[in-house]
Amino acid sequence: MADKKFELTDLASGKKSLLPVKSGTIGPDVLDIAAINKDHGVFTHDPGFGVTSATESKITYIDGDAGVLEYRGYPIEQLAEKSSFMEVCYLLLNGDLPKKAELEKFNDDIRHHTMINETLLRFYNGFHHNAHPMAMVSAVIASMSAFYHDSMDIHNPRHREIFAHRIIAKIPTIAAAAHKHSLGQPFVYPRNDLGYCANMLNMFFAVPCEPYHVDPVAAEALDLLFILHADHEQNASTSTVRLAGSTGANPYAAISAGVAALWGPAHGGANEAVLAMLEQIGTVENVPKYLAMAKDKSSHFRLMGFGHRVYKNFDPRAKIIRAACHKVLERLGSTNNPLFELALKLEEIALKDSYFVERKLYPNVDFYSGIIYSALGIPRSMFTVMFAIARTVGWVAHWQEMISDPAMRIGRPRQLYTGAGKRDYVELGKR
Ligand code: ACO
């Protein structure tokens, strides 16, 4: 097949250049615009990176119009039904599904890195009890770089692997410690005889004074949510991890930056905001009032959990979570869940409203996830932390892919300057 090219013409000077087109396995082609500055002295301008591909990647594929999400080629629906979070972690990190022995070894590697340094545990005491857990989690992750000097050569593949195992294993422990700190309860140490999600629930909910048994239904529900949140190609937090990591910064610093980016309500913070919004709406009768506010640009109110930069038909993760909500609430014996009923009604009404239809705004992954977290007893302020636990593997997979690429360059966007022209300094007394 002949190489595809685009021709770019500067209409003022008539100067032409040919832009090579790159094709991926699937998905739209991309224009390689690297030469346009040399040829024409211009940059491209794409605020919000709506049409910019910043990297090649082999990890996750999304078709936003068709509602397709695939990890390493496997459809999310199949992984949600048949796989486990640990298996998905292996898949994202290594490119293929593990054989039995590989999965056992991976599980074992993760289980043997679950404890955090005792000194790190003392960091939590520096936080006020009502500190947001995302603040504690991002700070503690950033601090981890101070503990592993012997294994932080980012160009050493074994060091990168140890980092991957450490951060995936320890993030539930770090999150649970933040939760216990906010409750004023003693930290609960990890139990390596439990699975990843069961161990996390135990660290969250066990107390030293009485036995705690992890409900397998709860562990299974969490495992499903973690699979669905594990990766989402070049989203804001993953791009942040890549950008921070592209400077050669240590990987703990890069992941901490990702946690900070995830926190915002336009991204991972939406799951917390959805529950707050549903509580604020209160009853179905109030839905029209809030929909009107969401449509009024001057109100700054958006329907949280609605809309997505890429999905313009439906978010496949939201479909799976909505179906799971029914099952999980039933199995946990919390069928009459008024917030879930309200969310279903809100979705139904919004999806008939021309404002949402015309703008292709559908429920995203965060619309229903908070309902399940709540039913599991996880407090609202911890929802985005749950997302961070699941997304850590995606961040690590992308960081690994970037660092192991010999063509890696520091990420450094350009700008269209619209500030003041050159002017001379005016002495203080003369202004
Ligand atoms: N409620 C009301 N209007 C909305 C919403 C919403 N949730 N989302 C988008 N719109 C409107 C915008 O006002 C805009 O209208 P206009 O064309 O009349 O100006 C139009 O839809 C397009 O929206 P943009 O903001 O340009 O879309 P963008 O791709 O930049 O933003 C985003 C996507 C951030 C997800 C947005 O839809 C939003 O803020 N949603 C609510 C927050 C949320 O749920 N975030 C989680 C996303 S999933 C995730 O990160 C895990």
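Buried here means under 20% relative accessible area, exposed over 50%, and partly exposed in between (1.4 Å probe, protein chains only). The model is predicted: local features need pLDDT of at least 70, side-chain atom pairs count only at pLDDT 80 or more, and totals for chains, interfaces and linings use all residues. Residues are numbered from 1 along each chain as its sequence is written, and side-chain values use heavy atoms, leaving out hydrogens and water.

**View 1. Welcome to helix H14, residues 316–331.** Helices (H or I, at least four residues) and strands (E, at least two) are DSSP runs, numbered from the N terminus. The buried residues of H14 are Pro316, Arg317, Ala318, Ile320, Ile321, Ala324, Cys325, Val328 and Leu329. They pack against partners including E5, helix H2 (76–82) and helix H9 (216–229), where contact means heavy atoms within 4.5 Å. Just past the helix, Gly333 has a positive phi of about 70°.

**View 2. Next comes helix H12, residues 270–281.** Look here for the buried Ala270, Asn271, Val274, Leu275, Met277, Leu278 and Ile281. Seen down the helix axis, these buried residues fall within an arc of 160°, so they line one face of H12; the arc is that of the directions from the helix axis to the C-beta atoms. Their packing partners are helix H13 (287–295), H15, H17 and H18. Gly282 follows H12, with a positive phi near 80°.

**View 3. Finally, meet an open sheet of three strands, ordered E4-E5-E6 with antiparallel pairing.** Strands E4 (60–63) and E6 (74–75) stand at the edges with a single partner strand each, so one side of each lacks a neighbour in the sheet. Two strands pair if DSSP finds at least two bridges between them; four bridges join E4 to E5 (residues 68–71). Tyr61 stands opposite Glu70 in E5.

Notes
The expected span of a helix is 1.5 Å times one less than its number of residues.
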